[in-house]
Amino acid sequence: MSVLCEVQLKESEQINDHDGIGVDLGITEFAICSHNETFANVNKTVRVKKLEKRLKRQQRKLSRSYEQNKNQKRGEFCAKNRQKQILRVQKLHARLANIRQAYIQYVVSTLVKTKPAYITIEDLNVKGMMKNRYLSKAVAQQNFYAFKEWLMAKCKKHGIELRQADGWYPSSKLCSCCGHKKVKLSLSERTFTCDSCHTALDRDFNAALNLKYAKQYTVLM
Ligand SMILES: [Zn+2]
């Protein structure tokens, strides 16, 4: 006698051991994953924006005190106040750094918790985003390198394969449904529409899916 039965898995169990995750990193959103999870950009939250504003103000105050010192020598009083101001600025820097670091750790642990067979990220070096002076600050604030380091450490700990797609891999230009490659895709096009099979997907989600199915990659961990 043989019995055949179908077992419906719970949603949390559906990402099984054979499945991997593709992660597309960005600026509008910190990360978009192929299992349809999105991590917002922490630098766009009210909390971080407020701190950034406060930091700017305090830095201005500090540089003003240096200028005043050049013109008139008021001696010890001025120096003491400046020391206080330096400390204020340093504290704000530290608070912002802590928030960003904690956020990266949160994203990594959320990804690792789904227990994927592998995680694929893109090659961050090749993008040359830092060279773009309009983007460089936004990119620097995202701490992508710290994210990669932390992800590597956690993948090692949990035995998850960490893959990095090759630099030339056109993750945003390929159709994740049929594999057709688009000739041109401008940055302003937020929706990917395939010319061949007419699939329409969010641009970054499509890229995340392509990363998941990437065949050319380097195993980082
Ligand atoms: Zn297609």
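Is strand E5 (residues 161-165) mostly covered or mostly exposed, and how many of its five residues are buried? In this predicted model, four of the five residues of E5 are buried, which leaves the strand mostly covered.

**Strand pairing around E5**

Strand E5 pairs with strand E4 (residues 118-121) in the parallel sense, over four bridges, and with strand E8 (residues 217-219) in the antiparallel sense, through three bridges. Arg163 of E5 takes part in both pairings, as the bridge partner of Thr120 and, on the E8 side, with Val219 as its bridge partner.

| Strand paired with E5 | Sense | Bridges |
|---|---|---|
| E4 (residues 118-121) | parallel | four |
| E8 (residues 217-219) | antiparallel | three |

**The zinc site**

The zinc ion is coordinated at 2.3 Å by the SG atoms of Cys175, Cys178, Cys194 and Cys197, and these donor residues follow the spacing C-x2-C-x15-C-x2-C in sequence. Cys175 lies in the loop between E5 and strand E6 (191-193), whereas Cys197 lies in the loop between E6 and strand E7 (200-202), so that this pair, 22 residues apart, links distant parts of the chain. The angles among the four donor atoms run from 106 to 111 degrees, and the site of the zinc ion is tetrahedral. For four tetrahedral donors, the ideal angle at a metal is 109.5 degrees.

How values were computed: Residues numbered from 1 in each chain as written. Predicted model: local features only at pLDDT ≥ 70, side-chain atom pairs only at ≥ 80, totals over all residues. Heavy atoms only, no water. Buried < 20%, exposed > 50% of the residue type's maximum accessible area, 1.4 Å probe, protein only. Helix = DSSP H or I, 4+ residues; strand = E, 2+ residues; numbered from the N terminus. Pairing = 2+ DSSP bridges. Donors = N, O, S within 2.8 Å, 3.2 Å for Na, K, Ca; no water. Tetrahedral: all angles 85-135°; square planar, octahedral: opposite > 155°, others 65-115°.
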